[in-house]
Amino acid sequence: MPSRRSFLRLGGVTSAGMLGALAPARAAHTPDDSFVLLRRRWRDVLAGPGHAGEPYRRLLAAVGRAAARHRDTMAPGPASLWPDQAYPSFMATPRRLRAMAHAYALEGTGLTGDPGLAAAVAEGVDHYRRHVYAAGADPAGNWWHWEIGVPKALLEAAVLTGLDGRRAAALLEAVDHFAPKSRLGRHDGTSTAANRVDRCVVMLLRAMAGDDHGRAELAASALVPVFRTVSEGDGFYRDGSFIQHSSVPYQGAYGVTLLSGLATLYAVLRGSPWEIADRGVFAMVERSFAPFVRDGACMDLVRGRAIARRPFGDHESGRQIAAAILLLAESAPAAQRTRWQAMVKGWAARDTVRPMLEHAEPAFHARLATIMDAAAVPAAPEPVGHRLLPMSARAVHRRPGWCAALSMASHRIGHYEHGNGENLRGWHTGSGMLYWWAEGHGDHYSDAFWATADPYRLPGTTVSTRRLPDGAGEAWGDTRTPWRWVGGATDGTYAAVGQHLSGLDSTMEAFKSWFFLDDAVVCLGAGISGADGAAVETVVDNRRTRAPLTVGTGWAHLDGHGGYLLPGGQEPRTLRESRTGGGATRDYVTLWLDHGVDPRSAGYVYVLLPGASREETRARAASGWLRVLANTSRLQAVHVPGPGVTAACFWNAGTVGGLTASAPCAVLVRERPDGTATITVADPRCDLGGLSVTWSRPVAEVLDGDARLSGNTLVFGRLAGLEGASVTVTVRMAL
């Protein structure tokens, strides 16, 4: 059992109070004072700011009740600590011990500073260490449990309860065996991005448990590679992409771990000898994470294999991102802090599916309730605009009242990730899956969608119907295609995005383009071929709904959702069905285009109108508002007179709609009423030393942007080094 002195060394609540004043930053600490500060800061992170009202007090009381249950049901034996968790129990048993330690350290649980609870934690930690986590034991199974998951939970339990003496020494020996300092010596393998931040958290807890200055210094200094942007592999990219496992966009799972871990490290180390000076990662809050959070939910296209874990996981990930941002805000400059708080408040105000305050852990609840009650913090609205992240083959398009997001595979990015038995049927999520949300549909992909949806008919995808085994393709995301032309051009409002697609474990090939507009997404497909002996289909949509579907000539409408235009004369096939999976049954309405068995150069044209009424859809079908200029395996292009948009995906050099491109590229032109125009180009293949775009319209001069005008030809310099980013120039038209 920890001594009274060991509890006081934690800055214990019985002496100074949970949220008592801290020593001034950079004060002349003695070695002991440094770790008193860290342990107190760790507890403050767990508690959140003082928020004495309900339901915060009820949440803390619930922590105490859960800890009491764990204490009372402990039954140490040779094969378990709790009868329902047979060893090795890498997840549940260490986490229960940590939960008990939280109840001991946090004020208001009813068990604060309880010596009997501390004794139970000490006994449990030592029992688990002797039977499972002993130095020299065979680290069978997933490395993560031995080097991150288990030591993080056991060390936190030890730090919070003041584990000392023989038991503490034995635990530290085991941690040093499985998670030695040398693991942070190299930035590769399992020590990159989120995994590296996790390792640094473990190292800091290890330092706190042993008053070890060297390990505290290592925990802070080893973060340096995480703050650098990368151009390949794991980490943050200049465009805001975040990759883990080499080829998986992962803001919504590993990214959450990284952001939460960094927020904790900044908070705990602030004012200590090991304070983190680098603030580069702060920019990634709005560049990398915020684009993929809508109304409090994190979009599934950046959640990897986590999409298959449980219903409403997207809202859970959104809450975790929001919690990390509010904690990180405590270490941020005032302007960023204010902006982030307003952003999170907006998410919380709009998340009516899983209200954040109702599902928050105590610390997040305290921080969120504080800003929700603050009249000085406005609730920021959903932004409007387009974000294209070419290095992760992802795009997000936001307009008033609706949002769409696109998931693609490329030579960099896998079709999907499976591993640890998870997400075994996510095969086609990278085949051009087009997610979309209209008003009132914030739970569309949340409520058992992944357990019940037809994995061969994900919305927007073009797929071979050849049956695939569970876990087809390499595990951990190595399901990339050979094609480099994946990406597009955006001016921040509109976009032309394309994907040269190969099917997963299939001969199917297609050229797919999406043109994102004010109230529509125009979808083109060409060069669709296959030799699998199976039909190839393009899925216009697959909505989890019972809503009535109306199909007219050249259009269709789904009540309460939106409309679809089919100007190419293709008749959609439709299906209404109930599907069961994961213990749930859900209803679906599916529209798809059948390209036949082993097609040769098939194509399609359809338009998505999110939120449109039946009358609006029918009227749009008859209006002639859109011209498809080309739809081939060499070139796909549209012209939309209303907003003055001409957009093209040049798979090869060519000419269309008055535009001539000297090499494969994406081009987006917007003509303005004031006699100016913007021309945006991008090099999705990232290999152009230069590019010329000639426009048949007379151009007088370049007003802004990095291009040279020669007649009616804009000459762009080297694009290969821009990692697929768009370049926009503004020109004045000649009279």
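Asp587 counts as buried, at 19% relative accessibility. Buried here means under 20% relative accessible area, exposed means over 50%, and partly exposed lies in between (1.4 Å probe, protein chains only). This is a predicted model: local features need pLDDT of at least 70, side-chain atom pairs count only at pLDDT 80 or more, and totals for chains, interfaces and linings use all residues. Residues are numbered from 1 along each chain as its sequence is written, and side-chain values use heavy atoms, with hydrogens and water left out.

Start with confidence. pLDDT is the predictor's confidence in each residue, from 0 to 100. The protein averages a pLDDT of 94. A score of at least 70 is reached by 95% of the residues. Residues 1-31 stay under 50. For that stretch the model has 69 contacts beyond four places in sequence. A contact means heavy atoms within 4.5 Å.

Now return to Asp587. Its salt-bridge partner is Arg546, and the closest N and O atoms are 2.4 Å apart. Asp587 lies in strand β22 (residues 584-597) and Arg546 in the loop between β17 (535-544) and β18 (549-552), so the pair ties together parts that are 41 residues apart in sequence. Arg546 is exposed, with a relative accessible area of 69%. A salt bridge is a side-chain nitrogen of Lys or Arg within 4 Å of a carboxyl oxygen of Asp or Glu. Helices (H or I, at least four residues) and strands (E, at least two) are DSSP runs, numbered from the N terminus.

Strand β22 also pairs with other strands. Two strands pair if DSSP finds at least two bridges between them. β17 runs antiparallel to β22, with 8 bridges between the two. Asn542 has Thr590 of β22 as its bridge partner. Strand β21 (residues 573-581) is antiparallel to β22 as well, and 9 bridges join them. β21 and β22 form a hairpin with 2 residues between them. Gly582, in the turn, has a positive phi of about 60°.

Other salt bridges also span the chain. Arg670 forms one with Asp491, with the closest N and O atoms 3.0 Å apart. This pair links distant parts of the chain: Arg670 sits in strand β29 (residues 665-671), Asp491 in the loop between β13 (486-490) and β14 (495-502), 179 residues apart. Asp491 is partly exposed, at 22% relative accessible area.

Asp176 forms a salt bridge with Arg215, and the closest N and O atoms are 3.4 Å apart. Asp176 belongs to helix α7 (residues 165-178) and Arg215 to helix α9 (residues 213-221), so this pair links distant parts of the chain, 39 residues apart. Asp176 counts as partly exposed at 24% relative accessibility. Arg215 counts as buried at 13%.

Salt bridges can also join into a network. One links Asp126, Arg129, Arg130, Arg166 and Arg167. Across the whole structure, a search finds 43 salt bridges.

End at Asn195, in helix α8 (residues 193-210). Asn195 is buried, with a relative accessible area of 5%. Leaving aside neighbours within four places in sequence, Asn195 is in contact with Trp143, Trp144, Ile148, Thr190, Gln244 and Tyr254. Gly642 is 447 residues from Asn195 along the chain. Their C-alpha atoms are separated by 49 Å.
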